[in-house]
Every structure is written in structure tokens, then in C-alpha cells.
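Colleague: Could you take me through the sheet part of this one, up close? I'd like to hear what packs where, in plain words.

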Amino acid sequence: MERRYRISKLKGEFINKEIEKEYSLFYTEKTIPITRRIIMIVAFMNFLFILPDYFTLANTELFVKVIFYRCVFFIGFLIFYRWFDYSDNYADYFKGLTLMELFAISSFLHIYWIYQPVNFLIQTMGLFLAMVVLVTIHNRWIYVLIVKIFMLTGILAITLIGEKEPDVSIVLAVTIYSVLTASFLLFRDYEINVYKRRQYERSMALEEISMKDFLTGALNRGAFENELEKALERWQRHGSVFSIVMFDVDDFKTVNDTHGHMEGDLVLKELSEMVIKETRKIDVFARWGGEEFVMILPETDTATTLKFVERLRTKIKGSSFGKVNITCSFGVTQIREGDTSKSIFTRMDKYLYLCKRRGKDMVYHDFEKLLESDKQKI
């Protein structure tokens with residue numbers, strides 16, 4: 001098991017905060033629809049309890065109070081229901097969800113407090129139902145624990161304080177059964193939390209394998225095309241400029257013919273490792289096919305892009321890869337108005353062709369043309 005996917009035995013969460021954040025974002029997107037349905041079901045169920053309240057409560061003033069608090073509960077849940085549309089931070093999502101659960105339990109306990117005299121056994125059935133509902137809502141396990149403790153201590157405190165002559169044996173029995181039920185549900189919730197994270201770990205491992213080139217460890221062509229489409233979408237929607245680099249190994253056929261394909265594979269592998277070390281986390285690097293590689297450099301200006309590519313070209317020329325010394329030719333361009341993935345790669349193929357014609361081991365780019373075009377627009 002990779003160290004970065006280790007799970008805390010106390011919280012049942014990934015120890016690595018970034019991994020936990022990625023998991024939470026991934027899973028909450030899937031569970032928000034069902035959580036919203038549960039919220040509305042609970043809200044309407046609580047509101048419909050006005051009917052038994054009418055027949056149970058002889059005191060009109062008390063009945064009006066209960067209706068008021070049930071309406072407050074209903075409106076509060078509608079607010080939380082809408083809040084999910086605006087929550088885009090996973091930490092705020094779980095805090096808001098926990099706040100909603102505490103609000104619901106507080107409303108339940110408040111009605112229980114004013115609902116005197118009360119049938120303790122009937123209210124505890126509501127308690128058990130509430131505990132089951134809490135397990136169906138995806139929340140951090142540590143928050144579920146806090147909510148359940150609040151709920152159990154609240155109902156027991158109100159019973160002991162509010163009841164004039166509580167039946168101690170019944171209260172004790174209900175307390176024991178409630179604690180046992182809560183404990184088993186918490187244990188189940190903990191195990192499910194861990195199991196889901198193990199599933200996530202496996203799915204990420206499979207996704208990584210499907211996206212990586214087996215030989216070099218760089219992204220494969222399919223994964224790069226997906227990343228390029230995302231970059232194009234960001235450019236169209238937000239104007240996020242990026243540069244694209246395509247390069248290949250000069251005379252790679254000679255390397256294979258002279259030293260064999262095993263040595264050629266070693267060259268590609270070590271070359272990829274060097275490039276990966278030189279790139280930033282936000283950069284995208286992939287093997288396009290054969291000895292050709294491509295990169296996306298987000299939010300990179302002209303000077304920075306050319307400086308990086310020239311530094312990389314020089315480093316490759318001055319390094320040994322196994323038994324072989326190699327050079328690379330680079331084509332560099334920046335996203336333009338109206339560009340598509342097809343137009344970008346048509347341009348890049350042309351630039352690499354020009355590199356080969358002009359002597360290889362060089363960088364061909366079009367930034368001067370872009371700057372001239374921008375000046376003409378101004």
C-alpha cells in the first residue's frame with residue numbers, strides 16, 4: 001500500500017490532507033443528490049407530525065407552540081437544502097451538514113422538552129429512527145460521533161430533568177440499548193468509511209495505470225488529449241493562456257539500429273524522467289507516440305516558456321542516456337483565438353518539420369508572430 005494512501009485508525013480518513021480532500025470532493029458530488037432527498041423526506045415527515053400532535057395535545061397553547069417549532073424546523077431544512085447549491089468547499093460542506101444535523105436534533109429535543117407530559121418510550125423510538133437516518137447521510141465519521149453523543153446526552157438530560165417521576169428502570173434500559181445501538185451504527189459507519197476509501201485508492205490506482213505510458217511513466221496520448229481539451233475550455237471560458245511544446249529525439253532510428261531497441265527504450269525512459277523533474281506540478285507532460293513528447297505549460301508567458309524550453313534542450317544535449325548521447329528538436333506555440341486541438345497539432349508538426357530541415361537540435365517558435373499580431377490589433 002502506498003504511504004500517501006494511509007488511513008488514520010482514529011478518524012477513518014486519509015492521513016494525507018490533499019488525498020482526503022480529493023476523496024471528499026469526489027464522493028460528496030455523488031452523495032449530494034441523495035442527501036438532499038433525505039433532507040426533504042425528514043422535513044416533510046416532521047411537518048406531518050402536526051396531525052398526531054393535534055389529537056394528542058389537549059392544551060391549545062402547547063399545540064400552537066409545537067406547530068411553530070415544526071414550521072421553524074421545516075423552513076430551516078429548506079434553507080439547508082438550498083445551501084448545497086452554493087457550497088463548493090468540501091470542508092464547509094461537512095461543517096454545514098453537521099450544523100444541519102445538530103439543528104434537526106435540537107429541534108427534536110426542544111419539542112420533546114415542551115411536550116410534557118410525554119411518553120418516554122414513544123420518543124425513544126424517534127431517537128432510534130434519527131440514529132439510523134444519520135448513518136444514511138455521508139459525513140465525516142468524527143462529526144457523526146459528535147452528533148450522536150449530543151443526541152443521546154440531550155434526550156437523557158431532558159428526561160431526567162423534565163420528568164417529575166421518571167421510571168428509572170425504563171430510562172436505564174433505554175439508555176443501555178441506545179448506547180449499544182449508537183455504538184454498532186458508529187462501528188458500521190467507520191468500517192464503511194474505511195472501505196470506501198480503500199475503493200477510492202484502488203480506483204485511483206487503476207485510473208493512473210490507464211493514463212500512464214507503461215514505458216516512460218509520462219501521461220499517454222489519450223490522457224494528454226483530455227488535458228488539452230480542459231485547457232482549451234479554460235481558455236475559452238476564462239482566458240487562461242497556455243503554451244504547448246512538442247519535441248522528439250533527433251535520429252532516434254539510428255539509436256535503435258546502432259544500439260538495439262532495449263537501449264532505445266532506456267533512452268526514452270531516462271529522457272522522460274529528466275523532463276518530469278524539470279516540470280512543475282501544474283504542467284502536463286505526455287508521450288505522444290514513438291520518440292515524440294508533448295507538454296502543456298499553463299499560465300506561462302513568452303519569456304518563461306522559451307527560457308524553460310531552451311534550458312531543457314541544453315540539458316538534454318549535455319547529458320548521457322545509458323550509452324547514448326542525444327539531441328532533441330522542439331516546436332513551441334501559444335494558444336491562439338479560434339484554436340482547436342487539431343489546429344494546434346497541425347502547427348506543431350509543421351514546426352518540428354522546420355527544425356529537422358534547419359539542422360535539428362533547435363527550438364522553433366512563433367511568439368514573434370504573435371507579438372506582431374497583438375501590436376497590429378492595438
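Modeller: Helix H12 (residues 341-357) lies across S1, S2, strand S3 (292-298), S6 and S7, and runs at about 145 degrees to S6. Helices here are DSSP runs of H or I with at least four residues, strands are E runs of at least two, and both are numbered from the N terminus. The angle is taken between N-to-C directions, from 0 to 180 degrees, using lines fitted to C-alpha atoms, for helices over the stretch in contact. Contact means heavy atoms within 4.5 Å.

A word on what you're looking at: this is a predicted model, where local features need pLDDT of at least 70 and side-chain atom pairs count only at pLDDT 80 or more, while totals for chains, interfaces and linings use all residues. Residues are numbered from 1 along each chain as its sequence is written, and side-chain values use heavy atoms, with hydrogens and water left out.

Now the sheet itself. It is open, with 5 strands in the order S2-S3-S1-S6-S7 and mixed pairing; two strands pair if DSSP finds at least two bridges between them. At the edges sit strand S2 (284-289) and strand S7 (363-365), each pairing on one side only. From one strand to the next, the twist averages 20 degrees. Strand S1 (residues 242-249) and strand S6 (residues 328-334) run antiparallel, joined by 7 bridges, and Val249 stands opposite Cys328 in S6.

Next, the packing. The largest nonpolar core has 26 residues, of which Phe247, Leu271, Met295, Ile316, Ile326 and Phe330 touch the most other members. Such a core is a set of buried Ala, Val, Leu, Ile, Met, Phe, Trp, Tyr and Cys residues joined through side-chain atoms within 4.5 Å; buried means under 20% relative accessible area, exposed over 50%, and partly exposed in between, with a 1.4 Å probe and protein chains only. S1, helix H9 (252-259), helix H10 (261-278), S3, helix H11 (302-317) and S6 each give two or more residues to this core, with H10 giving the most, 5 residues.

Take Phe330: leaving out residues up to four places away in sequence, its contacts include Val245, Phe247, Ile316, Leu352 and Tyr364.

Phe247 also forms a stacked aromatic pair with Phe293, 5.4 Å centre to centre and 20 degrees between the planes. Rings of Phe, Tyr and Trp (its six-membered ring) pair if their centres lie within 6.5 Å, and planes under 30 degrees apart count as stacked, over 60 as edge-to-face, the rest as tilted. Both Phe247 and Phe293 are buried.
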